[in-house]
Structure formats: structure tokens, C-alpha cells
Amino acid sequence: MTTTTIAITGATDGLGRALALRLAAHDDVRLVLHGRDPAKLEQLIAEILKSGATAPVTATADLSDLAQVAGLADTIADSVDTLDVLVNNAGIGSGEPDGRERRTSRDGHELRFAVNYLATFLLTENLLPLLRASATAQHAARVVHVSSLGQHPLDFDDLMLERGYSGTRAYGQSKLAQIMHCFDLAGRFAPTELTATCLHPGTYMPTKIVLSEIGVTADTLESGAEATRRLAVDPALEGTTGQFFDRLRPARANDQAYDEQARAALRARSLSLVEGHLATAR
């Protein structure tokens with residue numbers, strides 16, 4: 001039996017946790033689970049083991065610190081010899097529990113852009129050698145970005161939102177940047193080697209972010225986990241790349257995502273912002 005190795009960021013809460021528990025039930029899956037809180041990771045491991053599943057590999061990192069993001073990539077690469085799927089799920093919302101005012105990361109970048117996008121960008125870029133080496137003649141490696149329908153165009157003259165800040169705008173910008181990176185990856189690699197997809201997993205699922213800021217729910221965690229699981233492992237989506245999904249359906253992202261010049265500008269700025277933390281081989 002061939003084992004599929006899947007890494008999930010933000011696996012200790014909400015959608016990431018639901019996805020981890022669902023995938024843990026598969027005998028042919030080896031999980032690599034990231035969290036910020038070691039205690040929550042231990043609780044998740046205990047629940048997975050209680051279900052009779054194999055113990056996952058775990059790693060802790062604060063994604064607001066680029067040095068820790070780079071360290072997370074190193075930990076994953078040192079812990080597993082193959083990585084078939086990377087699910088970039090970790091993130092913060094537009095308001096509580098992370099605050100509605102403008103804040104900056106440890107590296108001085110606007111916090112939502114740093115955690116939701118720059119961490120995703122750096123982690124993925126540094127894991128590309130392992131992902132590409134894990135591709136087989138039958139299966140490409142997969143990258144899945146958990147994004148959102150809540151998107152806002154990037155202002156390259158004020159990428160860190162030092163003027164007219166709002167948490168909603170910051171969140172929307174970070175999520176659109178994720179989608180742009182997804183499309184960029186799809187253009188850089190053959191779909192037989194690596195595929196990249198992104199999705200809005202659900203609206204107002206009962207996550208910590210939604211319950212703290214919105215207080216009402218609509219979609220379930222189970223439906224969001226299924227939509228994400230599908231992009232990660234469904235054989236029917238082998239070779240599908242460069243697409244944004246609204247739950248289970250292909251959808252259109254903000255127009256800026258399809259602007260090649262904007263995507264190139266974002267990549268150039270991103271490489272500059274994470275300089276010093278990138279692995280040498282990408």
C-alpha cells in the first residue's frame with residue numbers, strides 16, 4: 001500500500017483540526033501537523049491515537065515570525081522523506097480574537113499579510129524541492145491554499161496598509177495574495193509534477209475566528225473539511241491546477257488574480273520580503 005504524506009498548517013483548531021481527524025482515518029495517509037501551541041498539538045495527537053490511527057509527525061511554529069516559518073520547513077523536510085500534499089490552512093481573520101487594529105509581525109510586516117500570505121509563500125517555496133521530488137509518474141505533488149471569497153485587490157504602493165487600515169481589507173488582501181501565489185505556482189510547474197489549487201472552504205464555519213468576530217455560523221466544519229480533503233487527495237482531481245473553488249465548485253477569483261503583471265509584481269515583492277529565509281534551491 002502506497003502511503004500519502006500530507007502536511008497541514010493550523011491543524012489544532014477549526015478547519016485544520018477537522019481535516020486532520022478526517023484524514024487520520026485513512027490507513028494510507030501519514031500526517032504532518034503544524035500548530036502554534038504544543039499543548040493543543042498533544043491533545044490532537046491523543047485524539048488521533050484514541051481513534052486507532054497512526055501517530056502523526058508534529059511541528060510547532062509561530063507563523064508571524066519568518067525565521068520560525070523557515071524552521072518549520074526544515075523540520076518537515078527533516079522528518080519525512082516524501083511530501084505529497086501541503087495544505088496551507090493556518091491563518092487569522094479580519095478581527096477578533098486577533099484584534100481589529102493594525103498590528104505588525106515580528107519582522108515588521110502587516111500582521112494579516114504576514115501570517116496568512118507571507119508564511120504560506122515562504123513555507124511553500126522552501127518545501128518545493130521536497131514536494132517536487134515526491135511526485136511520481138502516477139501522481140503529482142499537490143499544494144492547497146485555504147483562501148476565501150473575501151478578497152481585496154492589492155495596492156502595491158501600500159502593501160502593508162499603513163493608510164486607511166481595516167481588518168477586513170487586510171484579510172481580503174492576504175487571501176487574494178494566496179490565490180495569486182497559487183496561480184503563479186500553477187504556471188511555473190507542469191501539472192504532472194506539481195499542482196496548486198485554492199478554495200473558499202465554507203462561509204461562517206464554526207471556527208475560533210468566526211465565533212469570536214461574527215458570532216453566527218452557516219456552513220459546517222465537516223463540509224469545509226470535505227471540500228479541502230477533495231483538493232488534497234481526490235484522484236478525480238489529479239492534474240487539476242491553477243483553479244479557485246467555492247467549496248466544491250470552480251469559481252472566479254478577483255480579477256487581479258488573473259493579471260500576470262500583478263502576479264509577477266507580487267512574487268518579486270514577496271521574494272524581497274522573505275529574503276534571508278528562503279532555501280537556496282527552489
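**Helix packing and selected residues**

The crossing of helix 1 and helix 2 is right-handed, a crossing being right-handed if the near helix is turned clockwise from the far one by less than a right angle, and left-handed if anticlockwise. This is a predicted model, in which local features need pLDDT of at least 70 and side-chain atom pairs count only at pLDDT 80 or more, while totals for chains, interfaces and linings use all residues. Residues are numbered from 1 along each chain as its sequence is written, and side-chain values use heavy atoms, with hydrogens and water left out. Helices (H or I, at least four residues) and strands (E, at least two) are DSSP runs, numbered from the N terminus.

The axes of helix 1 (residues 14-24) and helix 2 (residues 38-50) come within 10 Å and cross at roughly 30°. Axes here are lines fitted to C-alpha atoms, for helices over the stretch in contact, and angles run from 0 to 180 degrees between N-to-C directions. The angle makes helix 1 roughly parallel to helix 2; angles under 35 degrees count as roughly parallel, over 145 as roughly antiparallel, 65 to 115 as roughly perpendicular and the rest as oblique. Helix 1 contributes Arg17, Ala20, Leu21 and Ala24 to the contact, and helix 2 contributes Leu44, Glu47 and Ile48, where contact means heavy atoms within 4.5 Å. By class, the residues of this contact of helix 1 with helix 2 are five nonpolar, no polar and two charged. In this scheme Ala, Val, Leu, Ile, Met, Phe, Trp, Tyr, Cys and Pro count as nonpolar, Asp, Glu, Lys and Arg as charged, and the others, Gly among them, as polar.

Next comes the pairing of helix 3 with helix 4. The axes of helix 3 (residues 66-79) and helix 4 (residues 111-134) come within 9 Å, crossing at roughly 30°. Helix 3 is therefore roughly parallel to helix 4, and their crossing is right-handed. On the helix 3 side the contact is made by Leu66, Val69, Ala70, Leu72, Ala73, Ile76 and Ala77; on the helix 4 side, by Leu118, Ala119, Leu122, Leu123, Asn126, Leu127 and Leu130. The contact of helix 3 with helix 4 has 13 nonpolar residues, one polar residue and no charged residues.

Helix 4 also meets helix 8 (residues 260-273), their axes coming within 11 Å and crossing at roughly 85°. That angle makes helix 4 roughly perpendicular to helix 8. Phe113, Tyr117, Leu118, Phe121 and Glu125 of helix 4 make the contact with Leu266, Arg267, Ser270, Leu271 and Leu273 of helix 8. Of the residues in the contact of helix 4 with helix 8, seven are nonpolar, one is polar and two are charged.

Thr124 is placed in helix 4. With 0% relative accessibility, Thr124 counts as buried, which means under 20% relative accessible area, as against exposed over 50% and partly exposed in between (1.4 Å probe, protein chains only). Not counting residues up to four places away in sequence, Thr124 touches Leu86, Asn88, Val143, His145, His181 and Leu185.

Helix 5 (residues 167-188) has 22 residues and reaches 32 Å from its first C-alpha to its last, close to the 32 Å expected at 1.5 Å a residue; the expected span is 1.5 Å times one less than the number of residues. Helix 5 is mostly covered, with 18 of its 22 residues buried. For helix 7 (residues 221-233), the 13 residues should span 18 Å, and the end C-alpha atoms are 18 Å apart, which agrees. Its buried residues include Leu221, Gly224, Ala225 and Ala227. The buried residues of helix 7 pack against helix 1, strand 4 (85-88), strand 5, strand 6 (194-200) and strand 7.

Ala59 lies in strand 3 (residues 57-60) and, at 6% relative accessibility, counts as buried. Leaving aside neighbours within four places in sequence, Ala59 is in contact with Leu33, His34, Gly35, Leu41, Leu72 and Thr75.

Leu161 has a positive phi of about 50° although it is not a glycine. Leu161 is in the loop between strand 5 (141-146) and helix 5, and counts as buried at 0% relative accessibility. Arg247, likewise not a glycine, has a positive phi of about 60°. Arg247 is found in the loop between strand 7 (243-246) and strand 8 (249-251), and at 24% relative accessibility counts as partly exposed.
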